[in-house]
Amino acid sequence: MNKNNNLKPKDFNTHIKPTWCTGCGNYGIWNALKKAFVSLGLKNHQILGVYGIGCSGNGTNFLKTYAFHALHGRALPVATGAKLANHKLHVVAMAGDGDGAGIGGNHFMHTCRRNINLTYIMHDNRVYGLTTGQAAPTTDRGTRTKSTPSGVLESPVNPIAIALASGASFVARGFSGDTKHLSGLFSEAIRHRGFSFVDVLQPCVTFNKKNTYEWYRKRIDNLQEDQNYSKKDAAEAFKRSNQDEEEKIPIGIFYQEEKPLYEDGLKQIERKPLVDHVINDIDINKLLNNYF
Ligand SMILES: Cc1ncc(C[n+]2csc(CCOP(=O)(O)OP(=O)(O)O)c2C)c(N)n1
Ligand code: SF4
Ligand SMILES: [Mg+2]
């Protein structure tokens, strides 16, 4: 990564103005990410954004990098394939909490344990935003929504605890109302060699009237301001991820470790990315004939 980048955050804008509701937490994520790209010295063509379906997924049109709008719940498998095809690219997958903790929950767990060198940002607004306010797997028990008129009956999914239990090598949480801190987290996550997960508390000002900016601001507590906290202590990270939210909501890096990458075990990409291999002179007929 080249620190002497002369790009500015606005160089990562496309010609399309974001269509998110005024005040939506997605703006904070978008701004923080652009700043992180600049501080890391990244150029537009060095980055691939892979998006799920949801309000966050509309970012496909607003962030000027390579981009792929995947199916609902499938951002991570697409990001995985793209990274393995061209591991020189910085791949950032982005998806909603419904996408990542619901329909895509299986991919989340397995991508954590594989430790592929990519970053996953969950736009965690604790609701299905795009489909106008149904309960998500992250919605608190008892919350009344369009799809749960008598209140949610289950306990919510805890994305940080899942990432820790599944072996992710970088696990963090940010708040889209604090873009300075969030942008620093994104930079650390992208710089990390391995799978980095950032759960972003992202107020949905239109459909989530409980988890507002004010509600978060009263509870947020930065782990890195606690001198006794070590991001190398997995047991402590797990404990903090289960902190009673009515008292405090920890943000910052919960856990980070260095461990072998999935890519390190792939001989095919040892010398150069898969996309740079010349395949013109390979005759696949021999292989295909085995199946006839
Ligand atoms: C396979 C599939 N199932 C359902 C949908 C309908 N759908 C579109 S967005 C969405 C929920 C989005 O919620 P979330 O992932 O939290 O994103 P947000 O809009 O809140 O950012 C659903 C259920 C779909 N597009 N595809
Ligand atoms: S519905 Fe919610 S998440 Fe979607 S753009 Fe509006 S405020 Fe943002
Ligand atoms: Mg959501």
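# Burial, cores and a ligand shell

User: What share of the chain's 292 residues is buried?

Analyst: Buried residues make up 43% of the 292 residues. A residue is buried if 20 or more other C-beta atoms, placed from the backbone, lie within 10 Å of its own, exposed if 12 or fewer do, and partly exposed in between. The model is predicted: local features need pLDDT of at least 70 and side-chain atom pairs count only at pLDDT 80 or more, while totals for chains, interfaces and linings use all residues. Residues are numbered from 1 along each chain as its sequence is written, with chains lettered from A and ligands numbered from 1 in the order in which they are written.

User: Why is Ile103 called partly exposed?

Analyst: Ile103 has 17 other C-beta atoms within 10 Å, so the label is partly exposed. That residue lies in helix H3 (residues 97-103). Helices are DSSP runs of H or I with at least four residues, strands are runs of E with at least two, and both are numbered from the N terminus.

User: Which residues does Ile103 contact, leaving aside its neighbours within four places in sequence?

Analyst: They are His72 and Gly73. Contact means that the two C-beta atoms, placed from the backbone, lie within 7 Å.

User: What makes the chain as compact as a globular protein of its length?

Analyst: The chain has nine helices and eight strands. Its radius of gyration is 20 Å, close to the 19 Å from the globule rule for 292 residues, so the chain is as compact as a globular protein of that length. The radius is taken over C-alpha atoms, and the rule is 2.2 Å times the number of residues to the power 0.38.

User: What makes a set of residues a nonpolar core?

Analyst: Its members are buried Ala, Val, Leu, Ile, Met, Phe, Trp, Tyr and Cys residues, joined through C-beta atoms within 7 Å. The largest core has 57 residues, and Ala79 is one of those touching the most other members. Helix H1 (residues 26-39) gives this core its largest share, six residues. Apart from it lies another core of eight residues, including Trp20 and Cys55.

User: How many residues of each class are in the shell around ligand 2?

Analyst: The shell has seven nonpolar, four polar and no charged residues. Ala, Val, Leu, Ile, Met, Phe, Trp, Tyr, Cys and Pro count as nonpolar, Asp, Glu, Lys and Arg as charged, and the others, Gly among them, as polar. Trp20, Cys21 and Asn26 are among the residues surrounding ligand 2; the test is a C-beta atom, placed from the backbone, within 6 Å of the molecule.
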